[in-house]
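Reader: Could you walk me through this model and tell me what stands behind each label you use?

Author: Gladly; let us look at it together.

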Amino acid sequence: MRTLLTLVAILLGLAMATAHAAGPPPSDEVVSDISTREIAIKSNFAGIEILIFGSIDFSARPAPETGAYDVVVVIRAPGQAIVARRKQRMAGIWVNGPGVTYPDVPGFYAVLSTRPLRAITSEETLKSLGVGLGNLDFGRSSTNDANEQSFRSAVIDLKERQMLFQEDDGGVAFIGRSLFRTSVDLPANVPIGRYTADVYLFRDGQAISENHSTLKVNKVGFEQAVYLLAFRHSFIYGLIAVVIAVIAGLIGWVAFRRE
Amino acid sequence: MFQVYLPIAEMSVNLLVMLGLGAAVGFLSGMFGVGGGFLLTPFLIFSGVSAPIAVATGANQVVATSVSGALAQWRRNNIDFRMGTVLIAGGVVGAVIGVLLLKVLREAGQAGLVISLTYVALLGAIGGLMLAESIRAIRRARAGRPASGRRPGQHNWVHGLPLKIRFPRSRLYISSIPPLVIGWVVGLLTAFLGVSGGFVMVPAMIYLLRMPTNIVIGTSTFQIIFVTAVVTILHASLNHSLDVVLALMLAAGGVMGGQFGVRAGQKLRGEQLRALLALLVLAVAARLLFDLVLKPEDLYTITPVLKGA
């Protein structure tokens, strides 16, 4: 009996030891959140600034290592299909040439980091995570063809000018040792949908932890009603628009008539 | 301040700018009896609204300005309702074809180019002709001869066509084919360019049908209401490109401007009115031509793929 108990104790001890050995080594974790979980687009919507903040959790290790920590934050809206075209001169006027279709271009994409991305980690790591404007594939396999590349960079350039693509090398700031924060300006032309906010923690070029949260951008109230009516009952929407216009015309005539 | 979000265009615009734009276009509309869309559509595009939304919303706004314009004209007994009905019949057919044509061209990515070229050709030709004619009329008036271009009893080829109808208000007895064709072309232009087509209809009715200028303006304003209403509904249904919030702001400005325009128009002589309209039309054509010929700042454009395309 005693030997049996001893055997069980040894087996249990072994099992626990193996379980512990197979688990990941104690590592730093990143936790984060967004200042708002839902953005409501109303009639006074002229863009909004959102705040992403978080901290590195050192509690898994007895004493935190000193080392260069880097944080990369990626905000991404659902993808949409777009066509890019280049104008060419024909008979003295500028004409749209054949288009290139990209089936999956994020409606909004912002990447913010503590340092330039290339200084944080290798190009391969960035590519595998899909981090950085240059590492987006837009749902179309990239070739090294110069023509194809010029279309890609034109898409990125135009989206950047509309503030729909953003890259900020020093956008994430540490407050003390473990707290960090960053802010992103969503312009008024942001698409609606479920956005994702991915926060990556890097140490010595390795992504050691990540944290994901979501953000909903929705039209609400009158704006939502108009949007739904326009897309689901478009004929009625058109009729209502005409009736409103006729009433506006009548009001104008009655108000300004002096006869 | 005064920023308003547009639910369909998905952008934020300034309320005062849009009211002012509506008022300016409404003023010209009332003054000349044109819908003003040929100014409104380009200006909306300049302020960042996408071309399809500018076209559909412009058409909707023209409904409002032409309703108050037509009421003011009706009080002055300037509408030939029988002629208006014939024009509307042709206009509705043209509108359907125009909306479908625009859909096909958008999918091919050539809508902007074809729209601009059509604008330049039409506005350039009509503006040039009108300017030349009105300068001759002004010179004749200065020389002391009667300024009126209408000589009763003078016939042209239009009078040889069949299906004649009597139009008592215009004092005409002519074939219904030319008004039907004019209405058809106008409907096509409304749907396709987001214009009321007044700049085609007014000279065509003056020079081709030889209707009196005041009745031409009243009747065209009346016809514009119906054709732009049909175009608005068609664009809303087929292209989902109508922004009612934007239209409302433009309409509010437009009806105010329209009333002042009608009064300003009464103070000007017919040939002076035509010369001013001609200059305006030529200025817009020149601007559009420059945009086509000058190297664009951006060689690339991106557009969302249309759903169901």
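**Strands, a helix and an interface**

Author: This is a predicted model. Strand 5 of chain A and strand 5 (residues 300–304) of chain B pair in the antiparallel sense, over five bridges.

Reader: What makes these two strands a pair?

Author: Two strands pair if DSSP finds at least two bridges between them. Here strand 5 of chain A and strand 5 of chain B have five bridges, so they meet the rule. As one example, A:Ala84 has B:Ile302 as its bridge partner.

Reader: Which strands of chain B are joined by four bridges, and in which sense do they run?

Author: Strand 3 (residues 164–167) and strand 4 (residues 172–175) of chain B, which run antiparallel. B:Lys164 stands opposite B:Ser175 there. The hairpin has four residues between the strands, and in it B:Arg171 takes a positive phi near 55 degrees.

Reader: Why is helix 7 of chain B called largely enclosed?

Author: A residue is buried when its relative accessible area is under 20%. Nine of the eleven residues of helix 7 (residues 198–208) of chain B are buried, so the rest of the structure largely encloses this helix. Among the buried ones are B:Phe199, B:Val202, B:Pro203 and B:Ile206. After the helix comes B:Arg210, whose phi is positive, near 60 degrees.

Reader: How do you know which polar links and salt bridges to count between chain A and chain B?

Author: A salt bridge needs a side-chain nitrogen of Lys or Arg within 4 Å of a carboxyl oxygen of Asp or Glu, and the count between chain A and chain B is zero. For polar contact, the rule asks for a pair of N or O atoms within 3.5 Å, and it finds twelve residue pairs across the interface, both residues at pLDDT 80 or more.

Definitions and conventions. Residues are numbered from 1 along each chain as its sequence is written. Chains are lettered from A and ligands numbered from 1 in the order in which they are written. This is a predicted model: local features need pLDDT of at least 70, side-chain atom pairs count only at pLDDT 80 or more; totals for chains, interfaces and linings use all residues. Side-chain values use heavy atoms; hydrogens and water are left out. A polar contact is a pair of N or O atoms within 3.5 Å; within protein, one must be able to donate a hydrogen and the other to accept it, and residues adjacent in sequence count only if both atoms are side-chain atoms. Buried means under 20% relative accessible area, exposed over 50%, partly exposed in between (1.4 Å probe, protein chains only).
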